[in-house]
Amino acid sequence: MEEETSEEYEARVQRETEAADAIQNRRIKRKTETEYSRTYHPKTVQWFKKEYPELVVDGQIKYDELEWSQFKRYLGTRKVKKRKKFRSDTHDNFQLAGESTMQKYVAAERFYAGKQMPSFSFSSSFEKNLTEFMTGHRKMIKEQQATGKRMEEDKEYLPWTIYRWLMQYFLTYTFGGHVPILCMAFLSITWNLMCRGINTETIKLSQLKADGDCIIFDFKVTKKNQEGKKEEKKHVFCNSDDPSICCFTSLGLWLLLYAQPYTDEALLFPGGNQRLVYHDHENKALKSDAGAKELQYYSMTWEDIGLHSIRKGVSTFVTMGSTICNIVAVCLRAGWMMGVQGRYFKHEGAGDCFVGRACCGSPINSIKFVKLPPRFIRNEDNDRLVASSIASAFPTLAVNDTMNGVLSLVLASLAYHYETIIEDLPQNSRIRSTYPFITPNFLKDLHKIVVCCYEWDECNFDKLQAKGASPEHYAMKERAEMRKDIKKDFAEVTTVLNSHTKELVEIKKAVEDLPKKTSDVLEEFCEKNAISNGVVTQQQFLAFTSEITTAFNRATKDIIAAAQNIPLVQDEVDEVDEVDADVAIFETAAVKPVKPWGGKLRRLRKGFVYPNVGLKEALTVWFFGGYYEESCLTEEELCRGERVRYPPLRLIACHDLERHNHVCKSKWSKVLNAVTQFTPNIPEYPSVLQMVEIMENGKHAVMAPHLSYHVDQSSNSITTMYDYLHKNGWETMGGKRKPRRRNPSRKVRNKSNKS
């Protein structure tokens with residue numbers, strides 16, 4: 001082996017050093033480095049060259065001589081131009097740069113300082129001052145936002161209705177070319193993945209994979225996971241009820257126009273800056289008269305909506321519709337940091353599947369939430385037809401077996417919705433020139449072998465289970481089956497009733513015709529006998545009346561027999577006037593006689609206790625009585641489950657009670673007499689409406705006046721109402737307030753004598 005010369009050695013060392021530097025510099029993305037070199041660092045060099053020319057040599061800043069006072073002054077001058085609609089906030093047309101913009105200025109100078117001097121680091125005092133400056137800047141931004149000032153970086157969320165309108169707008173967009181379908185697919189995928197626009201732009205075809213009833217997007221690298229330490233698989237589902245917002249449909253339309261050959265590095269949206277293409281056409285849509293009309297319902301303009309508004313909109317949408325959407329799963333899907341929670345709440349498929357179903361627009365509180373996507377029925381003949389159809393519709397993608405599952409799902413969705421798609425597509429759309437739409441009956445034939453059902457339906461040929469389904473939705477399924485059975489039974493009962501109704505109508509008609517027939521028979525009889533014979537004998541008349549009686553009896557028996565054969569359906573709830581549901585009227589059945597106790601005949605059993613109820617229930621037992629507690633029942637009554645009634649409490653005297661109940665009886669009598677005195681002519685057993693009227697007329701006497709309009713006091717106990725009755729000073733008769741008088745025998749204590 002020949003020895004290398006010094007020149008070759010130096011060249012080899014330089015190559016190895018450059019290769020190692022390239023690896024080290026990969027700690028940030030090329031896009032970020034390009035942004036530093038084109039925007040942030042040139043502005044910094046330009047400012048220091050003008051203000052401190054001694055610090056700039058050959059276009060590079062001397063970072064080892066840079067002082068904090070100089071760099072602080074530079075950061076304080078970083079401002080951005082305000083949008084036109086916010087320029088009226090201050091006299092200055094520029095505002096302080098946002099937090100993210102300021103961080104990029106600092107990060108750019110750190111990067112170039114390390115690039116020029118690998119072993120260089122700013123002093124500890126410099127770093128401390130920089131931290132304090134960034135903290136103060138952050139607080140100043142928040143204070144300005146709190147006062148109502150809008151910052152340049154503030155963007156509103158994209159509402160769900162605006163998202164639907166944009167999807168429909170791009171589907172019916174008359175602008176030629178592939179741009180409308182690109183915008184539709186870009187928006188739908190970004191919304192359903194809840195990701196950043198740059199992530200959607202860099203999706204590769206190799207990241208797509210079919211998994212049962214969904215399509216998985218496997219993100220290897222994200223902003224939160226830049227080193228690719230963990231897999232981030234996001235599940236995207238189909239909305240089979242609305243093709244205009246269905247991600248499978250929009251993805252299928254885009255793949256019909258896809259002309260690039262399949263490779264592992266091929267992008268789903270090939271080309272440069274496709275997110276900016278979408279953003280430009282989104283602005284055009286929102287600037288239009290129809291877009292401005294949609295935005296005015298949210299007090300927004302087209303300037304309030306940006307590319308980042310999609311993430312804000314979908315996260316708001318999935319969390320505001322129901323409380324069962326897990327916020328941890330939402331944060332994990334969106335790639336947001338959760339602080340210390342992120343170390344303990346790990347990524348799981350079930351939560352992401354549930355959020356994915358919510359993102360596609362399926363109603364969370366409906367059984368449709370767990371509906372399976374359109375699929376082709378599997379058999380030998382159908383498999384050959386589907387394989388040939390996929391090869392014809394997607395010629396550049398069907399060469400790879402890993403894409404066949406995805407292509408089968410999107411083609412099934414296109415075939416399932418082909419009639420709606422054809423109606424909505426404009427005549428100049430490029431979709432109409434693709435193979436499935438120019439071939440007669442292509443999608444129509446595929447539609448015949450497509451099934452869209454639930455996992456428990458019989459047409460679910462492969463027993464596919466719905467991912468992300470919650471127990472609540474299976475309970476909804478059970479309730480739906482119960483409602484279906486009830487409707488079926490009700491239809492059968494209605495059919496029976498209709499058939500018997502026809503019979504009753506016929507019988508009614510026959511009965512109505514009976515008097516006329518009787519009159520005709522009488523007339524015929526009289527004419528036949530009286531006119532021909534000149535007289536009607538008694539025997540003839542009795543024979544005639546016997547015929548009439550027999551006819552009436554026969555008709556009566558027919559009516560009774562028909563009525564007995566008709567099943568009666570009794571409504572569960574009778575039509576009554578709406579009253580307070582808490583007031584229940586007890587049946588007025590006979591009360592059992594009470595065995596003597598304590599050497600006396602009494603109306604109540606021993607051990608009776610006045611119930612602790614409110615005014616509504618108190619009026620009920622006062623007029624109608626109630627049921628004894630279990631402690632007052634015999635063993636035999638308890639075994640039979642019998643409920644024993646006691647008489648109305650208004651009929652009870654003191655000798656019917658035990659000694660300790662006399663005080664309760666006195667309070668009950670005073671409170672109920674005070675309430676009932678305001679209603680004249682009360683019957684012995686008032687109706688529900690009459691009892692409500694009694695309570696409304698007299699409740700002011702036993703309730704706190706200062707709470708009468710704020711708190712419902714009808715549930716107060718009798719003891720509480722008795723206290724308020726004493727404080728209010730109402731007389732027991734006449735409805736007049738008794739003036740409160742000071743007791744003359746009461747001595748007034750001298751304050752000076754207080755101990």
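This section describes the nonpolar cores and one β-sheet of a predicted model.

The largest nonpolar core comprises 95 residues. Within this core, the residues with the most contacts are Leu166 and Phe394. Helix α7, spanning residues 179-193, makes the greatest contribution, supplying 11 residues to the core. When neighbours within four places in sequence are set aside, the contacts of Leu166 are Leu158, Leu187, Tyr278, Glu282, Ala285 and Leu286. Another core, of 33 residues, lies apart from the largest one; Val644, Val675, Val702 and Met721 are among its members.

An open sheet is formed by three strands, arranged in the order β5-β6-β7 with antiparallel pairing. Strands of a sheet pair through backbone hydrogen bonds, in either a parallel or an antiparallel manner. Strand β6 (residues 214-219) runs antiparallel to β7 and is joined to it by five bridges. Asp218 has Lys233, in β7, as its bridge partner.

The sheet is also packed against by a helix. Helix α9, formed by residues 247-256, touches β5, β6 and β7, and the direction of this helix makes about 70° with that of β6.

Note on methods: Residues numbered from 1 in each chain as written. Predicted model: local features only at pLDDT ≥ 70, side-chain atom pairs only at ≥ 80, totals over all residues. Heavy atoms only, no water. Core = buried A, V, L, I, M, F, W, Y, C linked by side-chain atoms within 4.5 Å. Buried < 20%, exposed > 50% of the residue type's maximum accessible area, 1.4 Å probe, protein only. Helix = DSSP H or I, 4+ residues; strand = E, 2+ residues; numbered from the N terminus. Contact = heavy atoms within 4.5 Å. Pairing = 2+ DSSP bridges. Axes fitted to C-alpha atoms, helices over the stretch in contact; angles between N-to-C directions.
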